Amino acid sequence: MKPLSETYKELGIASDFPIEISDAKGNATYYEDSDGFCCKCEYDSNGNQTYFESSDGHKRGTPRSLNTN
């Protein structure tokens with residue numbers, strides 16, 4: 001997983017840490033700290049976490065991009 005801060009740097013966008021992104025329902029979908037740890041999450045329509053991936057290799061669930069349902 002490529003950290004968002006690397007993409008920001010490539011685009012010339014300055015950012016502060018932590019980088020936190022939430023969806024419209026307030027669910028945390030991305031987090032990155034200044035030590036390089038980052039994680040992303042996906043949620044279903046009820047707010048239940050359906051996917052988690054972190055920069056240290058932990059993964060749970062199936063990302064929407066791979067879900068065939």
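Visitor: Which strands pair in the antiparallel sense over three bridges?
Guide: In this predicted model, strand S2 (residues 28-32) and strand S3 (residues 38-43) pair in the antiparallel sense over three bridges.

Visitor: And what's the bridge partner of Tyr30 in S3?
Guide: The bridge partner of Tyr30 is Lys40, which sits in S3.

Visitor: OK, zooming out, in what order do the five strands come in the sheet?
Guide: The sheet is open, its five strands are arranged in the order S1-S2-S3-S4-S5, and the pairing is antiparallel.

Visitor: Which ones are the edge strands, then?
Guide: The edge strands are strand S1 (19-22) and strand S5 (59-61), each of which pairs on one side only, and from one strand to the next the twist averages 10 degrees.

Visitor: Where does helix H1 lie?
Guide: Helix H1, made of residues 4-11, lies across S1 and S2, and it runs at about 105 degrees to S1. Along the sequence the pattern reads α-β-β-β-β-β, with one helix and five strands in the chain.

Visitor: Switching topic, how much of the chain counts as buried?
Guide: Of its 69 residues, 25% count as buried, while the accessible surface of the chain comes to about 5000 Å², with 47% of that belonging to carbon and sulfur atoms.

Visitor: What does the C-alpha trace span along its principal axes?
Guide: The C-alpha trace spans about 40 × 25 × 20 Å along those axes.

Visitor: Last one: how many positive and negative side chains are there?
Guide: The chain has 7 positive and 12 negative side chains, and the centres of these two sets lie 7 Å apart.

Technical notes:
Residues numbered from 1 in each chain as written. Predicted model: local features only at pLDDT ≥ 70, side-chain atom pairs only at ≥ 80, totals over all residues. Heavy atoms only, no water. Pairing = 2+ DSSP bridges. Helix = DSSP H or I, 4+ residues; strand = E, 2+ residues; numbered from the N terminus. Axes fitted to C-alpha atoms, helices over the stretch in contact; angles between N-to-C directions. Contact = heavy atoms within 4.5 Å. Buried < 20%, exposed > 50% of the residue type's maximum accessible area, 1.4 Å probe, protein only. Areas by Shrake-Rupley, 256 points an atom, 1.4 Å probe, with all protein chains shown as cover. Lys, Arg positive; Asp, Glu negative; His and termini not counted. Charge placed at Lys NZ, Arg CZ, Asp CG, Glu CD.
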